[in-house]
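User: I am new to this structure. Please take me through it in short questions and answers.

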Amino acid sequence: MRVNDRGSIKWTAMMLPEHAELLTKMWEKLEKKNMPLLDEQKLVEMDAQLQLAICNNLTVEVKHYNGRDYLTSKGKLKYITKDMLYLDTDIKIKRQHVLDVWID
């Protein structure tokens with residue numbers, strides 16, 4: 001005999017809203033990732049790739065931390081300031097959150 005189990009969907013209907021909210025917060029906390037520390041050599045390598053991309057108008061793919069998870073954004077660099085990267089896709093990325101850069 002096989003039971004068709006729907007997991008947490010089955011049980012949330014019988015929970016109080018406070019319990020469902022606590023479960024949601026618990027899952028968010030478990031899924032949260034911490035920002036890794038990068039060594040100086042990796043930072044220098046990423047800066048060189050960013051300079052190459054902006055000078056030659058190349059498309060870059062940037063892996064960055066958004067405070068909770070790792071995201072990847074792709075586009076051409078419009079300009080770079082001391083604290084931010086600006087892509088042509090209207091994405092702003094803090095330089096301290098950049099984890100890796102690839103040139104396409």
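Analyst: Helices (H or I, at least four residues) and strands (E, at least two) are DSSP runs, numbered from the N terminus. The model is predicted, so local features need pLDDT of at least 70 and side-chain atom pairs pLDDT 80 or more, while totals for chains, interfaces and linings use all residues. Residues are numbered from 1 along each chain, and side-chain values use heavy atoms, without hydrogens and water.

User: Where does Asn57 lie?

Analyst: Asn57 has a positive phi of about 55°. Asn57 is not a glycine. Its place is in the loop between α3 and β1.

User: Is Asn57 buried, partly exposed or exposed?

Analyst: Buried means under 20% relative accessible area, exposed over 50%, partly exposed in between (1.4 Å probe, protein chains only). Asn57 has a relative accessible area of 47%. Asn57 is therefore partly exposed.

User: What is the phi of Asp90?

Analyst: Asp90 lies in the loop between β3 and β4. With a relative accessible area of 66%, Asp90 is exposed. Asp90 is a residue other than glycine, and its phi is positive, near 60°.

User: How many residues lie between β3 and β4 in their hairpin?

Analyst: Two strands pair if DSSP finds at least two bridges between them. Strand β4 covers residues 92-94, and β3 pairs with it in the antiparallel sense over three bridges. Tyr86 stands opposite Lys92 in β4. In the hairpin of β3 and β4, the number of residues between the strands is four.

User: How many residues lie between β2 and β3 in their hairpin?

Analyst: Strand β2 covers residues 70-80 and pairs with β3 in the antiparallel sense, over three bridges. Leu77 stands opposite Leu87 in β3. In the hairpin of β2 and β3, the number of residues between the strands is three.

User: Which residues of β3 point the other way from Met84 and Tyr86?

Analyst: In a regular strand, side chains alternate between the two faces of the sheet. Strand β3 spans residues 84-87, and Met84 and Tyr86 point one way from it. These two and the residues facing the other way are all buried. Pointing the other way are Leu85 and Leu87.

User: What kind of aromatic pair do Tyr65 and Tyr70 form?

Analyst: Rings of Phe, Tyr and Trp (its six-membered ring) pair if their centres lie within 6.5 Å; planes under 30 degrees apart count as stacked, over 60 as edge-to-face and the rest as tilted. The structure holds two aromatic pairs. Tyr65 and Tyr70 form one with 6.0 Å centre to centre and 55° between the planes, which makes the pair tilted.

User: How many salt bridges does a search of the whole structure find?

Analyst: A salt bridge is a side-chain nitrogen of Lys or Arg within 4 Å of a carboxyl oxygen of Asp or Glu. One joins the side chains of Lys25 and Glu21. The search of the whole structure finds seven.

User: How far apart are N and O in the bridge of Lys25 and Glu21?

Analyst: Both residues lie in helix α2 (residues 17-31), four residues apart, about one turn of the helix. Lys25 is partly exposed at 48% relative accessible area. Glu21 is partly exposed too, at 44%. The N to O distance is 3.4 Å.

User: How far apart in sequence are the parts tied together by Lys33 and Asp69?

Analyst: Lys33 and Asp69 form a salt bridge, with the closest N and O atoms 3.2 Å apart. Lys33 lies in the loop between α2 and α3 (40-56) and Asp69 in the loop between β1 (59-65) and β2, so the pair ties together parts whose separation in sequence is 36 residues.

User: Which residues are linked in a network of salt bridges with Lys42?

Analyst: The side chains of Lys42 and Asp100 meet in a salt bridge, 2.8 Å from N to O. Lys42 in helix α3 and Asp100 in strand β5 (residues 98-103) are 58 residues apart. Both are buried. In the network, Lys42 is linked with Glu45 and Asp100.

User: How far apart in space are Cys55 and Leu77?

Analyst: Cys55 is found in helix α3. Cys55 is exposed, with a relative accessible area of 65%. Cys55 and Leu77 are 22 residues apart in sequence. In space, C-alpha to C-alpha, they are apart by 9.5 Å.
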